[in-house]
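Have the 3D view open as you read.

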Amino acid sequence: MTPKFASIMKKLQRTTVPSKSFAVALFYFVCSISMNFLNKAVVSSYNFNYPFTIMSCQMAVTIIFFDTVRLTGLIKLGRYTLKEGIEFLSASLSFALHSTLSLMALHGMNIPMYGAIKRCTPLVNLVLSVTVLKKPWPSKLLTVSIGVITFGVFIAGLGDLQFDSYAYTMGSLSVLAQAGYMTLVQKSFEFHHKSTLEMIYINAYNTMPLFLTMSLILGEPEKVAVSLLEEDSSFYLIFIILIVSGAVLTYAQFLCASICGALTTSIVSVSKSILQTVVGFFTFGGVKFHPLNVSGLLLNVLGGILYTYVKRLESQRGMGKASLEEASSRADDSKMLFKKPVDQTVAVSLSLEDENRNKKFQVRDV
């Protein structure tokens, strides 16, 4: 590989990776914001508060889809094995907890406050990235932005006039579970080199028995049968969209955690807060305004904007540093190229001088 070709490949890598990360983050952003409103519609508007049944259906659709495309040869994916299932079990348990607790929290919380409490996830991800993934502590500005986000959540919670302690507890626990499974997904990607599709496939098989067991223990199948008889035709369409969208969201979450990292994935959830909060104030019954509520949400959004700005600034500095390193390596290469002919010239001149000296000695001897 020539030095010129190597430099071109480095440039392509630096331009392709950020664009790919941005596309993945945007994909997760769109899926995530739509799922919150779909979940709220099914759980609250239609009073279908059966989280384990919903998640069982989502995992069943995921398994059927992946097994179909695997058997038809459309994608290269190995069969599920017990060994791989055990290796990924901790991430699957965290995922199952997060999915279930989130649905429980949505039943008793309005969307703006649900989004606000979920935005405590970056703080937990920050701690886990240092303790579990052995990453270095982020810069002071990034730490401050995460602190502003978390502080805004507590302020907004004090001003929530529809405060539901049970819903807030479920929401807080879902934050811990979400941070845990995103960190473990990133760890599996970086250390065990598992692809996104492999992790989703294994996760579906791991969590399906858990969701079905909990659904049977709580007697959800009987309640679901009664509830379906009372629902109108529009419910079925929304429910099918919810199940399919849930499977897509799982793919988007795992992909974003693998490519962008757990901390950035949690910040993408913060980025959607502006649109989600504004829409949430006027949908599903709306939210009563309170100075603390609004102030906390503004702090929450401000922290997200600050994080995005600092992250972008640091990435630009990193690209600039890489350019300087490349320029210095080019300079070293050019020095080596110029150095070789000079050394060869000196060697030739020295050898000529030695030959001349030998000839002189030979003439004197004669």
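Reading from the N terminus, the elements go α-α-α-α-α-α-α-α-α-α-α-α-α-α; that's 14 helices and zero strands. Keep in mind that this is a predicted model. Of the chain's 366 residues, 44% count as buried. Among contacts with a separation of 6 or more, 88% come from residues 24 or more positions apart.

Now pick out H2 (residues 51–71) and H9 (residues 196–217): their axes come within 8 Å and cross at roughly 145 degrees. The crossing is left-handed. On the H2 side, the contact includes Phe52, Met55, Met59, Ile63, Phe66 and Arg70, while H9 brings in, among others, Leu197, Ile200, Ala204, Met208, Phe211 and Ser215. Sorted by class, the H2–H9 contact has 15 nonpolar, six polar and two charged residues. As for the spacing, an α-helix has 3.6 residues a turn, so residues three or four places apart point the same way.

Next up is H11, residues 233–259. How far apart are its end C-alpha atoms? They're 40 Å apart, which agrees with the 39 Å that 27 residues should span at 1.5 Å a residue. Just after H11, Gly261 takes a positive phi of about 100 degrees.

| Residue | Relative accessible area | Class |
|---|---|---|
| Cys57 | 27% | partly exposed |
| Cys256 | 0% | buried |

Note on methods. Residues numbered from 1 in each chain as written. Predicted model: local features only at pLDDT ≥ 70, side-chain atom pairs only at ≥ 80, totals over all residues. Heavy atoms only, no water. Helix = DSSP H or I, 4+ residues; strand = E, 2+ residues; numbered from the N terminus. Expected span 1.5 Å × (residues − 1). Buried < 20%, exposed > 50% of the residue type's maximum accessible area, 1.4 Å probe, protein only. Axes fitted to C-alpha atoms, helices over the stretch in contact; angles between N-to-C directions. Left-handed = near helix turned anticlockwise from the far one by under 90°. Contact = heavy atoms within 4.5 Å. Nonpolar A, V, L, I, M, F, W, Y, C, P; charged D, E, K, R; others polar.
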